[in-house]
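Please keep the structure open while you read.

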Amino acid sequence: MTHKKTLNLLWLLLVALTLGGAYLGEAAEPGIAVTLVISLTMAFKGRIIIDHFMELKTANRTIRKLMRAYFYVLPLVTVLVYVFSEHFARLTML
Amino acid sequence: MLLTATRSEQDPAEGRIPGNKGIWAGILSEMTEFALLFGVYFIARAHFPAAFHEGPLQLSLFAGTFNTVLMISGSYFVANAVIAIRQNRPEVSLRWLVLVLFAACGYFVTKYFEFRWNVSQGITGRTGIFFTVYYYLTFTHMVHVLWGIMGLLWVMARTRTGAYGPQDHEGMEAFASYWHATDLVWLIIFPLLYLLR
């Protein structure tokens, strides 16, 4: 598959995931399951942009690792802060 | 020649830096700036869970979703502009860049109506901690989109004057990388502010 065709499909996938996420945010009861799905979707969408739209999949290794790390850390922190909210609040008390 | 063109379109050289080092210094600074702001979000969320549970319900999910689609589409359009210039089709590349401009303007129009709607609902930056964080994050993102538009206009002008070609389009790639980074930041802002409760 050419790079252009891959981008076409990934664009449609990203739009579908966005609309699906919006439906989930509107219809689903908040909870750990929804938080996990939203965080995983955030990680997945970020990875698609980084690897395919930014073309970092085969680019400079340092830049690729830094950008990919961002989309491991942020979704993980999102889940951790949701689950361990009180612990995190105590840790960040002035 | 055809082989070269196909290869450069499909498979940019391994280990390369898209655009140039300067733009990546800027992008990594931008990502660090937003990492700090996301840190503020997480701390505020941990301390005021009720505000962050109720807050998203008062925002316009439609506006947030529509802007996400616009940002994603802008990324898709600019990636296509880069592909077109690699194929030595500057006029096609320019058309894709015009679509990026439409997406960027659409983002601002949506934001304008969203903020107006917020005010009509009595929501300002002083309504509560969630909205303070919401305005801080979204305004900062808007500023970065504005920088992006300035870069876009420059790249459009350069494309129109034939400054870019298959072997030399570093400036367009640098802009594309910046635009993707701005999209990436929004892909975190959207779920944190509009979806997570």
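Leaving aside neighbours within four places in sequence, A:Val15 is in contact with B:Val69 and B:Ile72; two residues are in contact if their C-beta atoms, placed from the backbone, lie within 7 Å. This is a predicted model, in which local features need pLDDT of at least 70, side-chain atom pairs count only at pLDDT 80 or more, and totals for chains, interfaces and linings use all residues. Residues are numbered from 1 along each chain as its sequence is written, while chains are lettered from A and ligands numbered from 1 in the order in which they are written.

A:Val15 sits in helix H1 of chain A. Helices (H or I, at least four residues) and strands (E, at least two) are DSSP runs, numbered from the N terminus. Is A:Val15 buried or partly exposed? It counts as partly exposed, because it has 16 C-beta neighbours inside 10 Å. The cut-offs are 20 or more other C-beta atoms within 10 Å for buried, 12 or fewer for exposed, and partly exposed in between, with C-beta atoms placed from the backbone. A:Leu40 lies 25 residues from A:Val15 in sequence, and their C-alpha atoms are 16 Å apart.

## Chain A and its partner

Chain A has 4 helices and 0 strands, in the order α-α-α-α from the N terminus. Its radius of gyration is 16 Å, whereas a compact globule of 94 residues would have one near 12 Å; the value is taken over C-alpha atoms, and the globule rule is 2.2 Å times the number of residues to the power 0.38. The C-alpha atoms fill a box of roughly 50 × 35 × 15 Å along the principal axes. Of the 94 residues of chain A, 34% are buried.

Where the chains meet, 38 residues of chain A are in contact with 41 residues of chain B. On the chain A side, H1(A), H2(A), H3(A) and H4(A) each supply at least two residues, and H1(A) gives the most, with 12 residues. This side divides into 21 nonpolar, 12 polar and 5 charged residues. Here Ala, Val, Leu, Ile, Met, Phe, Trp, Tyr, Cys and Pro count as nonpolar, Asp, Glu, Lys and Arg as charged, and the others, Gly among them, as polar.

H4(B) is largely enclosed by the rest of the structure, because 21 of its 26 residues are buried. B:Asn88, which follows H4(B), has a positive phi near 60°.

The buried residues of H6(B) include B:Phe130, B:Tyr134, B:His141 and B:Gly148. Among the elements covering them are H2(B), H3(B), H5(B) and H7(B). Just after H6(B), B:Gly162 takes a positive phi of about 75°.

A nonpolar core is a set of buried Ala, Val, Leu, Ile, Met, Phe, Trp, Tyr and Cys residues joined through C-beta atoms within 7 Å. The largest has 75 residues, with B:Ala81 and B:Val100 making the most contacts inside it. Two or more residues come from each of H1, H2 and H3 of chain A and H2, H4, H5, H6 and H7 of chain B. H7(B) gives the largest share, 18 residues. Beyond its neighbours within four places in sequence, B:Ala81 is in contact with B:Ser93, B:Trp96, B:Leu97, B:Val100 and B:Met172.
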